[in-house]
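Please look through the model shown here and work out how its parts are held together. What can be read from its elements, its buried residues and its charged pairs?

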Amino acid sequence: AGLWRGLGPTLLRDVPFSCLYWLGYERIKAIAVARSSDGRLSPVTSFFAGAASGTVAAFVTTPLDVIKTRQQLRTSSHTSTKGPLSQDVPSQHASFRSERMPSRTQVETSGASAVIRATGMPTGNSWRIVTNGYPLGTAAEILHVARTEGVRALFAGVGPRLLKVAPSCAVMICSYELGKRYFETRSNRHCSDA
């Protein structure tokens, strides 16, 4: 079960990300090709088109990435977690509940503090995520986080995510376009030699 934790929000993040990325890239590419003198896309243009479309897609899907990360950081009922944030954290204490937490002391002594700190959830007089032993669905968890922690919490880590995604999308699509051009040129030479 732990291996598949966060699969739902991962799929809900990656499919829209790919749709937004390719839609944005193809639109930018069409505009750039129409404006170019030779009707071709330059490597620099493909690099920046990939970075721009990757940035937009990553920003829009960040809330799903945040929920995925939170779900993956939770412990299951069959394991315990040991890490730098805390001593052994028995998983039955690390599940998220809907009751109001009256004090930071209760959080620190409950064993859930490591999970709460690791996921960026506030401690003290705040809320934990409803489970009663079962995790919330992705949509319900997004609404819960937005209501209890604010919409900004759904964009936690957006800066580092954009710093990772934009260059990787730029390099990937630029490499793809260069590779495609190389093989088209090679294929054309081979056909003309025959």
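This is a predicted model: local features need pLDDT of at least 70, side-chain atom pairs count only at pLDDT 80 or more; totals for chains, interfaces and linings use all residues.

Q: In what order do the helices and strands of the protein chain run from the N terminus on?
A: The protein chain holds seven helices and two strands. Read from the N terminus on, the elements follow the order α-α-β-β-α-α-α-α-α.

Q: Is Thr61 buried or exposed, and what is its relative accessibility?
A: Thr61 lies in helix H2, which covers residues 43-73, and, leaving aside residues up to four places away in sequence, Thr61 touches Arg13, Pro16, Phe17 and Arg161. The side chain of Thr61 also reaches the backbone oxygen of Ala57 at 2.8 Å. Since buried means under 20% relative accessible area, Thr61 counts as buried, with a relative accessibility of 2%.

Q: Which helices are included in what covers the buried residues of H7?
A: Helix H7, residues 158-193, reaches 52 Å from its first C-alpha to its last, close to the 52 Å expected at 1.5 Å a residue. Its buried residues include Val158, Arg161, Val165 and Cys169. The cover over the buried residues of H7 includes helix H1 (7-35) and H2.

Q: How many residues apart in sequence are the parts that Asp65 and Arg13 tie together?
A: Asp65 forms a salt bridge with Arg13, and the closest N and O atoms are 2.5 Å apart. Asp65 lies in helix H2 and Arg13 in helix H1, so the pair ties together parts whose separation in sequence is 52 residues.

Q: Which helices hold Glu177 and Lys29?
A: The side chains of Glu177 and Lys29 meet in a salt bridge, at 3.4 Å from N to O. Glu177 is buried, with a relative accessible area of 11%, and Lys29 also counts as buried, at 17% relative accessibility. The pair ties together parts that are 148 residues apart in sequence, because Glu177 lies in helix H7 and Lys29 in helix H1.

Q: What accessible area do Leu3, Trp4, Leu7 and Leu11 have together?
A: Leu7, which has its place in helix H1, is partly exposed, with a relative accessible area of 39%. Leu7 forms a nonpolar patch on the surface with Leu3, Trp4 and Leu11, and together the accessible area of these residues is about 490 Å².

Key:
Residues are numbered from 1 along each chain as its sequence is written. Side-chain values use heavy atoms; hydrogens and water are left out. Helices (H or I, at least four residues) and strands (E, at least two) are DSSP runs, numbered from the N terminus. Buried means under 20% relative accessible area, exposed over 50%, partly exposed in between (1.4 Å probe, protein chains only). A polar contact is a pair of N or O atoms within 3.5 Å; within protein, one must be able to donate a hydrogen and the other to accept it, and residues adjacent in sequence count only if both atoms are side-chain atoms. Contact means heavy atoms within 4.5 Å. The expected span of a helix is 1.5 Å times one less than its number of residues. Patches are made of residues with over 30% relative accessible area and no salt bridge: like charges are joined within 9 Å, nonpolar side chains (Val, Leu, Ile, Met, Phe, Trp, Tyr) within 5 Å. Accessible areas come from the Shrake-Rupley method with a 1.4 Å probe; for residues, only the protein chains shown count as cover. A salt bridge is a side-chain nitrogen of Lys or Arg within 4 Å of a carboxyl oxygen of Asp or Glu.
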